[in-house]
Amino acid sequence: AGSAYSYTYVTVGELWGFLIGWNIILEHMIGAASVARAWSGALDALFSQAVSNSTIKAIGRMSDDGGWLAEYPDLVATSVTIIAFIIVAVGAKVSVGFNSVFTILNSIVLLFIIITGFCYARPSLWSTDGGYDGFFPFGFGGTVSGAATCFYAYIGFEGIAVASEEARDPEKSVPRATVLSMFTVTCLYLLACAALTLMVPFVHTNTSAAFPFAFDEVGAHWAKFIVAGGTLLGISTSLIGSAFSLPRSVYAMAEDGLLFRFLGYVHPRTQTPIYSIIVFGSLAAILALLFEISTLVEFMSIGTLFGYTIVSASIIILRYQPVHKCQFKLFAYHNTVLTTQAHNIFCLQSEKSNIIPKSKSHDDFGRLRQSLRRVPILQQFEPGDGVKSAVVLMGMFMICLALVVVEGAEHLKEAAWWAVCLVIVFSLLIVAMYLIIVAHEQNNAFLTFQIPLVPLLPSLSMLVNISLMLSLTRLTWLRLVIWIAIGLCVYFVY
């Protein structure tokens, strides 16, 4: 349990682990609230805005300017949030059972949406000849901003890792489930978005209930109710997913003593962290009651991106860390045999394959490659420390490069000499840090699943995530700083 928090904790230490965990809590809490708002919006659209109109008439408006607060207190979203956390509180088998049924039904409706949507498709909506803005109206920069705002959707994949402590065979099932679900979801996203934007112009899309509105616009009123029902099923799946992951992240931090101990209490009958569910379920319900969905979503994405950037850096650091510096032991189970290796370090070894190649020893991990050990600058670092420093510097240079590209896009279009020079300089510095990393020996003493193409893939992940973060608004950054400041107060005071 703990996912990105646990991974960061054992790789780069307690403080960074806390910051990631603190952001994960916010992600799941806002995720549950925003999805509940979407559920309420879909139900409202199904009944032609009768729910929102009656609520405004009975209670009144909270906001008219489209700011942080919602237009009206969303009692439906609050109720749905509470129900989802009650389902999770009953036990893992019940919540997973609900999720499985909803997912199957939702998949059927999604296929219906895609097939029926393409039947009503108008290719002219993707063409400037039809009087519209064309296929790629906001260019690459607009796409990056949109991807950054919608990045919160990827938190669902973290739910797989969060549940790994309750999985039967996590070292195999977690990677397989992640890859398979990501491939499936990506295909469905692309096809559904294509169907939507070919039915109605993207500027006319109803953000609260996109598909029911789209089918209504093209005259397929009969399909509207099927789609709206499927939308409710899909959103219910997402809501239970967030409600499932949130208390388990809190539990992991409480167990390590980084949050109040009572939050780690597990109910003996339901085997769920009951106090975590009550406290953070209530907070999610309050967020769903008061705040607008767009406010919640944008705030959530930056926390997700921040967490995944640190995890990407942690992957590189852990892969080049000597075994004796790892902050955890590798335990054997199933058909593996626990053996004592050099320096009294426990490593995994199986009958089929030795985890330590005969050509290498434990002393080589994290050190410079044999042919480079006479390089004077890099000689002074202890094993693993040179890679740590290179990763930190590479991250800083990536931030500088992304700032130049994102903030100075107009100057780069005009080929301003100083902007081009800065891009070249920071790119060369990133490449230099990358070469320093690959100049070291990797630690391959792990029998479990390992990310391929390290350090290339995590380095690209860092660069993309940082670029996406910097494309978000300054107000979103301010919210992140405030949330981290609150977290640091909790950390140092508690």
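Asp74 is buried, and Arg37 is buried as well. Buried means under 20% relative accessible area, exposed means over 50%, and partly exposed is in between, with a 1.4 Å probe and protein chains only. These two form a salt bridge, with their closest N and O atoms 3.8 Å apart. The pair links distant parts of the chain: Asp74 is in the loop between helix H3 (50-59) and helix H4 (75-90), Arg37 is in helix H2 (residues 14-46), and 37 residues separate them. A salt bridge here is a side-chain nitrogen of Lys or Arg within 4 Å of a carboxyl oxygen of Asp or Glu. Helices are DSSP runs of H or I, at least four residues, numbered from the N terminus.

Some ground rules. This is a predicted model, where local features need pLDDT of at least 70, side-chain atom pairs count only at pLDDT 80 or more, and totals for chains, interfaces and linings use all residues. Residues are numbered from 1 along each chain as its sequence is written, and side-chain values use heavy atoms, leaving out hydrogens and water.

How many salt bridges does this rule give? The count is three. Next, Glu407 and Arg474, at 3.6 Å, N to O. This pair also links distant parts of the chain: Glu407 in helix H14 (residues 385-407), Arg474 in helix H18 (residues 474-493), 67 residues apart. Glu407 is partly exposed, at 47% relative accessibility. Arg474 is exposed, at 68%.

Then Glu410 and Lys413, with a salt bridge at 4.0 Å, N to O. Both are exposed. Why are they about one helical turn apart? Because they sit three residues apart in helix H15 (residues 409-413).

Now the patch. Glu14, Glu165, Glu255 and Asp256 form a negative surface patch. Patch residues have over 30% relative accessible area and no salt bridge, with like charges joined within 9 Å. Glu165 lies in the loop between helix H7 (155-162) and helix H8 (170-199). Its relative accessible area is 53%, so Glu165 counts as exposed.

Buried or exposed: what is Thr304? Buried, at 0% relative accessible area. Thr304 is in helix H12 (residues 293-319). Leaving out residues up to four places away in sequence, Thr304 touches Glu27, Phe151 and Tyr152. Contact means heavy atoms within 4.5 Å.

Last, Phe112, in helix H5 (residues 92-119). Phe112 is partly exposed, at 21% relative accessibility. Phe112 and Val227 are 115 residues apart in sequence, yet 8.2 Å apart in space, C-alpha to C-alpha.

Key: Patch = residues over 30% accessible without salt bridge, like charges linked within 9 Å, V, L, I, M, F, W, Y side chains within 5 Å. Areas by Shrake-Rupley, 256 points an atom, 1.4 Å probe, with all protein chains shown as cover. Lys, Arg positive; Asp, Glu negative; His and termini not counted. Charge placed at Lys NZ, Arg CZ, Asp CG, Glu CD. Helix = DSSP H or I, 4+ residues; strand = E, 2+ residues; numbered from the N terminus.
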